[in-house]
Amino acid sequence: MSKADEVIETIDDGDFSKVDPLIQESIAQDDDQTQFSLAETLMSRGLSVQAKTIYDHLLAMYPTEGQILSRLAEIAVSDGNTDQALNYISQITPDSPAYAENLLVSADIYQSQGLYEVSEQKLLNGIREFPDEEVFKFALAEVYFDENKFSKALTYYDMLLDMGIKNYSGISIVLRKASSLAGDGQYEEAIVAYEDLNAIELNEDAQFQLGFLYNQVKNYNKSISILEKLLETNRDYPTAYSILAEDYLNIKKNSDAFKYAQLGLNLNELDDKLYQIAFDAGTAEDPTGAIKIIEKGIKTVENPLPLVIKLSDYYVTKGQFKSNLDLLNGRDISNNPKLVWNLAKSEFETDDVDKAQENILLVLDDFKDNLDYLSDLIEILRSTGNNDVLKPVIQLYLKQDPDNEEMHDLLDQI
């Protein structure tokens, strides 16, 4: 029995205390091929530290051997030592039997560093040099998929499917294609691909994606059916609630939309979209409750500005100008023209006319093409008697609505 066999036998017996000494005996007594085979077996069992000891010894005798360099590069990658890995890889020449593996390992290293273009070139080189090796096509598709370059990823996933390869390294190529179609905005095609998945491939994430896709193509009832079935098996799937609530909102079933938005917020109180849907759905039936929910959202979410805008618009639309002033009091709204407009309108309606004029003029450039804004501005300028500004604003209005007799009459009176 070789010392290499004794190493494996000892590992099988679970006596790891003898492994390292036996490896040293194998290095001293076994032939080089036996040592290499032992290192390969250790690698396959996840014992890379022990394998490295043997590879380092063999490299000293065979410094240009590509297979040894490639294995050491893999170990360096797993240890997080990418510089050392690239040093090993750089020594493998194109005429080495390990050159294909070299390209794969180096592409993986560069991808892990975010150097996708370099990784891409390594894999394209692999496809040219080794056209029959599907691993390069798969790896390149994965690089594009990770980069969100879905149209390019589809090219290579389709190549694999044309070769009859539906799964590779435990990854469903069919599912990857469906996800890529969705990412590329080809929603109808993606739906067909998802519908063709088998029961194993159509896992919870795939079910959610399918429900989302039906939402995107405005087939809300189908989206509801899929997502409610998903939630029957997993109530704690948080992202399903916002899509489901939106579906019900779109088919004007506000009570159901409100219910699912609240359920979703119980799982994730930082989801600003759920606060918006809950507010939109709740204002028709329970305005007070809806306002309480969005006020909680404003205090809770990281970026409350969209919620502030929604509540401010609601207050202005409902003529609750004092409530809007209270909402905006103390907030920095200088970078949001819509809120500045809302503030000015509320100030005007609560008789703070001079302040209203000051604020509404700040956003003239932002809304000079908006007739509603110009109407509000004209009303405020008339109340302050600021005819020097009022006249050009009326003229600006008439450029967009030249047949407005009321504005013509007002211009004649100035």
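## Exercises on a predicted model

UniProt, in an unreviewed entry, lists residues 204-237 as "repeat: TPR". The model used in these exercises is predicted.

**Exercise 1.** Which loop holds Ser 169, and is Ser 169 buried or exposed?

*Solution.* 
- Locate the residue. Ser 169 lies between β1 (167-168) and β2 (171-172), in the loop.
- Read phi. For Ser 169 the value is positive, near 50°, and the residue is not glycine.
- Apply the cut-off. Ser 169 reaches 63% relative accessibility, so it counts as exposed.

**Exercise 2.** How do helices α1 and α2 pack?

*Solution.* 
- Two packed helices are described by the angle between their axes and the distance between the axes.
- Take the angle. Helix α1 (residues 3-13) meets helix α2 (residues 19-29) at about 165°.
- Take the distance. The axes of α1 and α2 are 8 Å apart.
- Classify the pair. Angles over 145 degrees count as roughly antiparallel, so α1 and α2 are roughly antiparallel.
- The crossing of α1 and α2 is left-handed.
- Name the contacts. From α1 they include Lys 3, Val 7 and Ile 11; from α2 they include Val 19, Leu 22 and Gln 29.

**Exercise 3.** Which residues have the most contacts inside the largest nonpolar core?

*Solution.* 
- Size the core. The largest nonpolar core has 61 residues.
- Pick out the residues. Leu 311, Tyr 373 and Ile 378 have the most contacts inside this core.
- Look around Leu 311. Among the residues it touches are Phe 279, Ile 291, Ile 298 and Leu 327.

**Exercise 4.** Is Leu 339 buried or exposed, and what does Leu 339 touch?

*Solution.* 
- Leu 339 belongs to helix α21 (residues 337-349).
- Judge accessibility. Buried means under 20%. Leu 339 has 0% relative accessible area, so it is buried.
- List neighbours. Leu 339 touches Leu 305, Val 308, Ile 309, Ser 312, Leu 328 and Ile 333, leaving out residues up to four places away in sequence.
- Take one pair. Leu 339 and Leu 305 are 34 residues apart along the chain, and their C-alpha atoms are separated by 9.7 Å.

Terms used. Residues numbered from 1 in each chain as written. Predicted model: local features only at pLDDT ≥ 70, side-chain atom pairs only at ≥ 80, totals over all residues. Heavy atoms only, no water. UniProt positions renumbered as here; feature names shortened; annotations may be inferred. Helix = DSSP H or I, 4+ residues; strand = E, 2+ residues; numbered from the N terminus. Buried < 20%, exposed > 50% of the residue type's maximum accessible area, 1.4 Å probe, protein only. Core = buried A, V, L, I, M, F, W, Y, C linked by side-chain atoms within 4.5 Å. Contact = heavy atoms within 4.5 Å. Axes fitted to C-alpha atoms, helices over the stretch in contact; angles between N-to-C directions. Parallel < 35°, antiparallel > 145°, perpendicular 65-115°, else oblique. Left-handed = near helix turned anticlockwise from the far one by under 90°.
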